[in-house]
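Biologist: Please take one part of this model and go through it closely. I would like to know what it packs against and how its surroundings are arranged.

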Amino acid sequence: MRIVIVKLSSIGDVVHTLPAAALLRRQLPEARIVWAVDRRASAILEGSPVIDELIELDPRAWRNCFWSGPARVDFRSRLSQLRDGNQNGGKNADVAIDFQGLIKSGLVAVASRAKRRIGFETAELREKASRLFLTQQVDTSGFVHVIQKNLALARAAVARPGPAKSNGEGAYEFPIAVSSDDERYVDAIIENQSGDFAILNPGGGWPTKIWPAERYAELADWLWSECGLRSFVSYGPGEEALARAVAAKARSGAAQPVASTVKQFVALARRASLFVGGDTGPLHLAAASRTPIVGLYGPTSSRRNGPFDPHDVSVGRDLWCRAECHRRTCWHWECMDIPASEVKAAVMKRLADRR
């Protein structure tokens, strides 16, 4: 049996789909599980024990320069891989599961030539027209968190009814492979640090998800003086200036900018005593690593996309405009104008629960 998982991006969305992939592997140990993913979000899946084949797509490059020779060659190669697999004598997929709900993800499912193409009910699709590419839609509106919705699709694929949660509240599986090189990178970062540490992640995929650098700096000073926690200020591509601004504004000198790949970040998060940041990829990687979390939420819903450990704390402002907002830009900034005092109180609560 050949199963194609279609979840193209982003990193957080890919992480939220890993428990569904783990369920498929557990229930169908002999199946060949293939994952079609955007090349920019693929690193977290490399080496995962539940995936037999990773198909890295580059839709942005195809869209921008499809008529160039290399782009056409790459497109044909990935299409062939979707249809036939990498193995000699490969065959079309038996099942494709569209965890994205977009027209482009639906087209990828069709390109796999799978006879069964499973996806969300129409009301839950991000682009309603993508229902035309599905042969089976699953009622997922009864579930709140996106992980539960994804697990419902996986259960439909194995045709085994049951609860959406895997092994109890929050006991989801995140099969992420971290190498010894990644661990050594983290060893080098923390070798001169004594005691526990926190991760502060000031970046965000959207400007509307960013909490001010000066408040992260204030938090870093407070974590050091009141909790005895040094802070590593994590950053990804294009976020170095923001991380360095946080460190520069922190008067205690207890905030250190740290660059990392996604796997290195996971290795770091697995050792951290606390993570504080907005609704972006590192928060979801920290959740998958079982790091205690305080999440800062503005234009998105913590109930749907937030940390799933019942002890984790999400902080936000209940404003008239927040319902189903998801705006990447906005004419006002109130939703992320969260007082530092509220975040400190949330940190105290989370650390108390951890202890």
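Modeller: The model is predicted. I start with helix α6, whose buried residues pack against the strands β7 (197–201), β8 (230–235) and β9 (255–259) and against helix α9 (262–269). Helix α6 spans residues 180–190, and its buried residues are Asp 182, Val 186, Ile 189 and Ile 190. Viewed down the axis of α6, these buried residues fall within an arc of 80°, so they line one face of the helix. An α-helix has 3.6 residues a turn, so residues three or four places apart point the same way.

Leaving aside neighbours within four places in sequence, Leu 24 is in contact with Ile 3, Ile 5, Ile 33, Ile 97, Ala 154, Ala 157 and Val 158.

Helix α5, residues 146–158, contains Lys 149. Lys 149 counts as buried because its relative accessibility is 6%, under the 20% cut-off. Its side chain makes a polar contact of 2.7 Å with the side chain of Glu 124. Beyond four places in sequence, Lys 149 is also in contact with Phe 120, Thr 140, Ser 141, Phe 143, Val 144 and Arg 304.

Definitions and conventions:
Residues are numbered from 1 along each chain as its sequence is written. This is a predicted model: local features need pLDDT of at least 70, side-chain atom pairs count only at pLDDT 80 or more; totals for chains, interfaces and linings use all residues. Side-chain values use heavy atoms; hydrogens and water are left out. Helices (H or I, at least four residues) and strands (E, at least two) are DSSP runs, numbered from the N terminus. Buried means under 20% relative accessible area, exposed over 50%, partly exposed in between (1.4 Å probe, protein chains only). A polar contact is a pair of N or O atoms within 3.5 Å; within protein, one must be able to donate a hydrogen and the other to accept it, and residues adjacent in sequence count only if both atoms are side-chain atoms. Contact means heavy atoms within 4.5 Å. The arc is that of the directions from the helix axis to the C-beta atoms.
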